[in-house]
Amino acid sequence: MRFTKEEKSWMLYDCANSAYSLIIVTAVLPVYFKYVAGNAGISEQDTTAYWGYVSSFSTLIISILAPIFGTMGDYMGNKKKYFTWSFLIGAVMTVGLTFVPTSQWQWLLVIYTLSHFGYQAANLFYDAFITDITQNNRNDMVSSYGFGIGYIGSASLFIVVMILIVTSGFNLVSSTTAIRISFSLTAVWWIIFSLPFLKNVHQNFGVQPVPNPVKESIHRIFKTMKKIRHYKQVVIFMIAYFFFIDGVDTIITMSTAFGVDMGVSTNSLLLILLVLNVVAFPCTIVYGKMARKFGTKKVLLFAIFVYTMICIYAIFMKTVLDFWILGILVGSSQGGIQALSRSYFARIIPKNQANEFFGFYNIFGKFSAVIGPLLFSITTQLTGHSQLGIASLVVLFILGAIFLLRTKEINSNETDMEING
């Protein structure tokens, strides 16, 4: 498939934000936080739980604001402006992580919360731009290639970060300083790969500006909620998404802390996460091709089945090899389920209200991400076993599958009016 300049620029932002997701959310910062908090006398189980609680809190903030942000972004000229401010806040706060003293684990969580807020807010607007840059019959492949490129890009920076950390900056700095430098490198990477998006991607669908956008946005939200019964497929899919993406995001967020609790060394964790991203690239593209052949709904159900098996497998994990197997299984389906969820949703919503609907999409996804880490953290603290924390997530995937089965398979040439009746 040949991609347009707008499609390529949009996909490159996945390369930008995936590096943040891997290095800050999943791989390096969680390990560094456990090290800093551990030196302050916090137990391993409590540091894991605190990380889960903070992830829930930062997600809760954007969840509450997502519908308003999304609705305001639908006004012509607003979407890119809000995207730009959001990603800059995230990038600046990511640089700020570099300068937090190693004795201040509380401040580390505060700065992370702010950077994570900017990251998630930017993603809200970025996801909604898919309706501006491509057509319905190209959604699955464009979304899948975006995630695939993101995995390759994040893996590339991750290799640099790994070398920097393992060699302690080629013996020029301490390992702790090398880790802190990696935070600034992530922010620079984020900014560089955002430049094509800022230059070439533009808002083509939206509503006309109004004198009081905040008041009107709140009015539009309530108006849409009253009309939501006319969007039956959207509602059912968002409920399904609420459950299954919760499990996916929780596994991503808590995987490193889970590995540390299992006794996996830092170097092994970094290598496993690198391999996971390398595996995810071709698998995400395969998911896009499978969706074109078998239908997006069927392939999403297959991905949910894989994640259900991952949760069950976690119960029996005892060795580093088990963690390797788990990582590869996650890598095989992580990008696919995220990419196809995004493209499926973009296909069933009205284009001129894309940001508003993606605001609801995000609030369902983000509010679910409040529940998952809490479920994991509480189960881990009550049982003293992180494996059971992962296993507890199986209920989320089962509920997601039940609701997804109630949606209809969408033809890529159907309009949102035909889909929703």
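Isoleucine 325 sits in helix 14 (residues 320–348), where helices are DSSP runs of H or I with at least four residues, strands are runs of E with at least two, and both are numbered from the N terminus. The model is predicted, so local features need pLDDT of at least 70 and side-chain atom pairs count only at pLDDT 80 or more, while totals for chains, interfaces and linings use all residues. Residues are numbered from 1 along each chain as its sequence is written, and side-chain values use heavy atoms, with hydrogens and water left out.

Isoleucine 325 has a relative accessible area of 34% and is therefore partly exposed; buried means under 20%, exposed over 50%, and partly exposed in between, with a 1.4 Å probe and protein chains only. Between the C-alpha atoms of isoleucine 325 and phenylalanine 158 the separation is 20 Å, and the two are 167 residues apart along the chain.

Phenylalanine 158 belongs to the largest nonpolar core, which has 113 residues; Trp10, Val28, Phe158 and Phe345 have the most contacts inside it. Helix 1 (residues 5–39) supplies the largest share of this core, 19 residues. A nonpolar core is a set of buried Ala, Val, Leu, Ile, Met, Phe, Trp, Tyr and Cys residues joined through side-chain atoms within 4.5 Å. Beyond its neighbours within four places in sequence, tryptophan 10 is in contact (heavy atoms within 4.5 Å) with residues including Tyr126, Phe197 and Arg342.

The structure also holds two cavities of 30 Å³ or more. A cavity is a set of points, on a 1 Å grid over the protein atoms alone, where a 1.4 Å probe fits but cannot get out; lining residues have an atom within 4 Å of a point. Grid points are joined across faces, edges and corners, and a volume is the space filled by probe spheres set on the points. The second largest cavity contains about 30 Å³ of space. Its lining consists of Ile251, Ser255, Phe258, Ile310, Leu326 and Ile390, and helix 11 (residues 232–261) gives the most to this lining, with three residues.

The protein chain as a whole has these values.

| Property | Value |
|---|---|
| Secondary structure | 18 helices and zero strands |
| C-alpha box along the principal axes | roughly 60 × 40 × 40 Å |
| Buried residues | 60% of 421 residues |
| Contacts with a separation of 6 or more that join residues 24 or more positions apart | 85% |

Conventions: On a 1 Å grid over the protein atoms alone, a cavity is a set of points where a 1.4 Å probe fits but cannot get out, and a pocket is an open set with protein on both sides within 12 Å along at least five of seven lines; lining residues have an atom within 4 Å of a point.
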